[in-house]
Amino acid sequence: MDELDDLDHRILSALRARGADPRVARAARALSWVGEHGAVWLAAGVVGAAVDGPRRGAWLRATALTAGAHAVSVGVKRIVRRPRPTRVEPLVRTAGRHSFPSSHATSATAAAVAYGALGMHAAAPLAAAMCLSRLVVGVHHPSDVAAGAALGALTARLGARWMREAHHG
């Protein structure tokens, strides 16, 4: 585990150093704020459902998958209880003390996969930026972000058929 911890720290330190640029710090803070509790992703799903009437059910199910992925990540956090990084100064406050997995990365990746299947291709680059922002602001280990992204992608993929049924059913 020492090798993983060392790699986590080196990657985190390198990305956190990018936050020394005020423009990068501002963008990373903004992503942290809009991603709190999956808010930007849930709002995007509701807007998708509102403007895409023929696929409203699929959008609502994609939104539910995104919310569900976020909820699962919060539950995993409470079980694993990994502390947040302490060797870098964070740029933002966090809603909780635990780091694994990153709930921002979970909801962002779930939304990117689910909404991407509905044609919202901007979700993927925004989700990638959100994942990186968690490292720039110094509140997650890279392995927390990777695990969160994997959990989000898995949740959305497992729910893909359920989403399609809403559109075709």
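User: Which helices each supply at least two residues of the lining of the second largest pocket?
Analyst: In this predicted model, the second largest pocket has a volume of about 160 Å³. Of the 12 residues that line the second largest pocket, those closest to its centre include Ala-160 and Met-163. The helices that each supply at least two lining residues are α5, α7 and α8 (160–168).

User: Which helix gives the most to the lining of the second largest pocket?
Analyst: The lining of this second pocket divides into eight nonpolar, one polar and three charged residues. Four residues come from the helix that gives the most, and that helix is α8.

User: How many residues does α4 give to the lining of the largest pocket?
Analyst: The largest pocket holds about 290 Å³ of space. Of its 16 lining residues, the closest to the centre are Val-74, Lys-77, Arg-84, Ala-95 and Gly-96. The one that gives the most is α4, and its share is four residues.

User: How many charged residues are in the lining of the largest pocket?
Analyst: By class, this lining has two nonpolar and eight polar residues.

User: Is the aromatic pair of Trp-59 and Tyr-115 stacked, edge-to-face or tilted?
Analyst: The count comes to one aromatic pair. The ring centres of Trp-59 and Tyr-115 are 5.4 Å apart, with 45° between the planes. Planes under 30 degrees apart would count as stacked and over 60 as edge-to-face. The pair of Trp-59 and Tyr-115 is therefore tilted.

User: How many residues apart are Trp-59 and Tyr-115?
Analyst: Both Trp-59 and Tyr-115 are buried. Trp-59 sits in helix α4 and Tyr-115 in helix α5, and the pair links distant parts of the chain. The separation is 56 residues.

User: What span is expected for helix α6 at 1.5 Å a residue?
Analyst: Helix α6 covers residues 123–136, which is 14 residues. From its first C-alpha to its last, α6 reaches 20 Å. That is close to the expected span, 20 Å.

User: Against which helices do the buried residues of α6 pack?
Analyst: The buried residues of α6 include Ala-127, Met-130, Cys-131 and Leu-135. The buried residues of α6 pack against α1 (2–17), α2 (22–35), α3 (39–51), α5 (103–116) and α7 (142–158).

User: Which residue with a positive phi follows α6?
Analyst: Helix α6 covers residues 123–136. The residue that follows α6 has a phi near 75°, and that residue is Gly-138.

Methods
Residues numbered from 1 in each chain as written. Predicted model: local features only at pLDDT ≥ 70, side-chain atom pairs only at ≥ 80, totals over all residues. Heavy atoms only, no water. Expected span 1.5 Å × (residues − 1). Buried < 20%, exposed > 50% of the residue type's maximum accessible area, 1.4 Å probe, protein only. Contact = heavy atoms within 4.5 Å. 1 Å grid on protein atoms, 1.4 Å probe; cavity = no way out; pocket = protein on both sides within 12 Å on 5 of 7 lines; lining within 4 Å. Points joined across faces, edges and corners; volume = space filled by probe spheres on them. Nonpolar A, V, L, I, M, F, W, Y, C, P; charged D, E, K, R; others polar. Phe/Tyr/Trp six-rings, centres within 6.5 Å; stacked < 30°, edge-to-face > 60°.
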